[in-house]
Amino acid sequence: MGTLDQAYHALFVGAIIVLAIMICCCLVRAIIGPSIADRIVAINMIGTMTIMIIAILAIEMKESYLVDVSIIYAMISFLAVVVLTKVYMGVYKERAEKAKLENKHQEEEAK
């Protein structure tokens, strides 16, 4: 193994470690919140960083099938974020309508 190969190996391992630490930070953000939007963004970031780790492993291990796995994971991650956003928007609209009806009833009672 040449000096350049060792340098690339150290770079790839360092990048994977940094990404793993960032995934842990995003996991904390996804659990703590404070809002649903923060949680959705954190989940999206976890998916993106996982894709990057798989791509780095594909280069490091010289296995081209991992690139295909990375692309499939990207599609699944995208769909998951779209579904979570759709669910969140439905819940948000439902809460807004319920609050609107409660305000309307309170105004009628006040009259």
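Helix 2 is included in what covers the buried residues of helix 3, where helices are DSSP runs of H or I with at least four residues, numbered from the N terminus, and buried means under 20% relative accessible area (1.4 Å probe, protein chains only). The model is predicted, so local features need pLDDT of at least 70 and side-chain atom pairs count only at pLDDT 80 or more, while totals for chains, interfaces and linings use all residues. Residues are numbered from 1 along each chain as its sequence is written, and side-chain values use heavy atoms, with hydrogens and water left out.

Helix 3 comprises 46 residues, 65-110. From first C-alpha to last, helix 3 reaches 67 Å, close to the 68 Å expected at 1.5 Å a residue; the expected span is 1.5 Å times one less than the number of residues. Leu 66, Ser 70, Ser 77 and Val 81 are the buried residues of this helix.

Helix 3 also contains Met 75. This residue is partly exposed, at a relative accessible area of 48%, a class that lies between buried and exposed (over 50%). Met 75 belongs to a nonpolar surface patch with Val 67, Ile 71, Ile 72 and Ile 76, which together have about 470 Å² of accessible area.

Helix 1 spans residues 3-32, a total of 30 residues. Its reach from first C-alpha to last is 44 Å, close to the expected 44 Å. Phe 12, Leu 19, Ile 23, Cys 26 and Ala 30 are buried in helix 1, and the buried residues of this helix pack against helix 2 (36-61). Gly 33 follows helix 1 and has a positive phi, near 100°.

Definitions and conventions:
Helices (H or I, at least four residues) and strands (E, at least two) are DSSP runs, numbered from the N terminus. Contact means heavy atoms within 4.5 Å. Patches are made of residues with over 30% relative accessible area and no salt bridge: like charges are joined within 9 Å, nonpolar side chains (Val, Leu, Ile, Met, Phe, Trp, Tyr) within 5 Å. Accessible areas come from the Shrake-Rupley method with a 1.4 Å probe; for residues, only the protein chains shown count as cover. A salt bridge is a side-chain nitrogen of Lys or Arg within 4 Å of a carboxyl oxygen of Asp or Glu.
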